[in-house]
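Biologist: I would like to go through this model with you and ask, for each label you attach, what it rests on.

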Amino acid sequence: MAMTASTMMPLGTAAPHFSLPDTVTGQPVSLEDVRGSRALLVMFICNHCPFVVHVKDELARLGRDYQPQGVAIIAISSNDITTHPADSPDKMKLFAKANDFGFPYLYDESQEVAKAFAAACTPDFFLFDGDMKLAYRGQLDDTRPSRLGPGQYDSASQPDGRDLRAALDALLAGRPVATDQKPSMGCNIKWKGI
């Protein structure tokens, strides 16, 4: 199973602007819509990646645990749907509903938002503080799916979101977020024309 690491955007970077359609509601969601939140978590994911499938239940739990505390959470898929039709907006909507995502799941058709974030893999996580400055970018936790055979994956251990939750908890408590952060690992974003 080939893995791509996140690019580790510099801490303190301002959240890039975005305005993308939510595949569940059909409504646009932008950075301006979430200003004033205690924090913003942006997750680049997709439907088919085994790394995302491995953590999808934990992503839903993050939404249930942290949105009530004032954290805005947004998921974005930027994959080229001509080569990966399983990641189309219609299928994104079904994936979000099937997995009880309580947060918007946005479609980045142009891939410009993924480029602005320097997103590299799925999943790729970016946590911004209340001033919309990057406080954490890195892995959810250190669990990974294990490969059983061609196209077959199993969760060797259950994700608990330990690394990302520690960053969220520190941010919400007004404590510094640890700067020793490990890159997220996953499938590469499926760029157009590559």
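Modeller: Let us start with Met3, which, once its neighbours within four places in sequence are set aside, is in contact with Phe51, Met185 and Gly186, contact being taken as heavy atoms within 4.5 Å. The model is a predicted one, in which local features need pLDDT of at least 70 and side-chain atom pairs count only at pLDDT 80 or more, while totals for chains, interfaces and linings use all residues. Residues are numbered from 1 along each chain as its sequence is written, and side-chain values use heavy atoms, with hydrogens and water left out.

Biologist: Why is Met3 called partly exposed?

Modeller: Buried means under 20% relative accessible area and exposed means over 50%, with partly exposed in between, using a 1.4 Å probe and protein chains only. Met3 has a relative accessible area of 44%, so it is partly exposed. Met3 belongs to the segment before S1, where strands (E, at least two residues) and helices (H or I, at least four) are DSSP runs numbered from the N terminus.

Biologist: What makes Ala5 partly exposed, and where is Ala5 found?

Modeller: The relative accessible area of Ala5 is 34%, so Ala5 too is partly exposed, and Ala5 is found in strand S1 (residues 4-5). Apart from neighbours within four places in sequence, Ala5 has contacts with Ala120, Cys121, Pro183, Ser184 and Met185. Ala5 and Ala120 are 115 residues apart along the chain, yet their C-alpha atoms are separated by 6.9 Å.

Biologist: How many aromatic pairs are there, and why is the pair of Phe117 and Phe126 called edge-to-face?

Modeller: Rings of Phe, Tyr and Trp (its six-membered ring) pair if their centres lie within 6.5 Å, and planes under 30 degrees apart count as stacked, over 60 as edge-to-face and the rest as tilted. By this rule there are nine aromatic pairs. For Phe117 and Phe126 the ring centres are 5.4 Å apart and the planes stand at 70 degrees, so the pair is edge-to-face. Phe117 also forms an aromatic pair with Phe128, again edge-to-face, at 6.0 Å centre to centre and 80 degrees between the planes.

Biologist: How do you know whether Phe117, Phe126 and Phe128 are buried or exposed?

Modeller: Phe117 has 0% relative accessibility and therefore counts as buried, Phe126 has 1% and is buried as well, and Phe128, at 0%, is likewise buried. Ring pairs join Phe117, Phe126 and Phe128 with Phe18 and Phe44 into a cluster.

Biologist: What makes a space a cavity, and what makes it a pocket?

Modeller: On a 1 Å grid over the protein atoms alone, a cavity is a set of points where a 1.4 Å probe fits but cannot get out, whereas a pocket is an open set with protein on both sides within 12 Å along at least five of seven lines; lining residues have an atom within 4 Å of a point. By this rule there are two cavities of 30 Å³ or more, and about 80 Å³ of space lies in the largest cavity. That cavity is lined by 13 residues, of which Val55, Pro123, Thr143, Arg144 and Met185 are the closest to its centre. Helix H2 (residues 50-66) gives the most to this lining, with three residues.

Biologist: Which residues line the largest pocket, and which helix gives the largest share?

Modeller: The largest pocket, with about 160 Å³ of space, is lined by Tyr136, Asp163, Ala166, Ala167, Ala170, Pro176, Val177, Ala178, Asp180, Gln181 and Lys182. Helix H5 (residues 162-173) supplies the largest share of the lining, four residues.

Biologist: How confident is the predictor in the protein chain?

Modeller: On pLDDT, the predictor's confidence in each residue from 0 to 100, the protein chain has a mean of 92, and 93% of its residues reach 70 or more. Over residues 148-153, however, pLDDT stays under 50, and for these residues the model has nine contacts beyond four places in sequence.

Conventions. Points joined across faces, edges and corners; volume = space filled by probe spheres on them.
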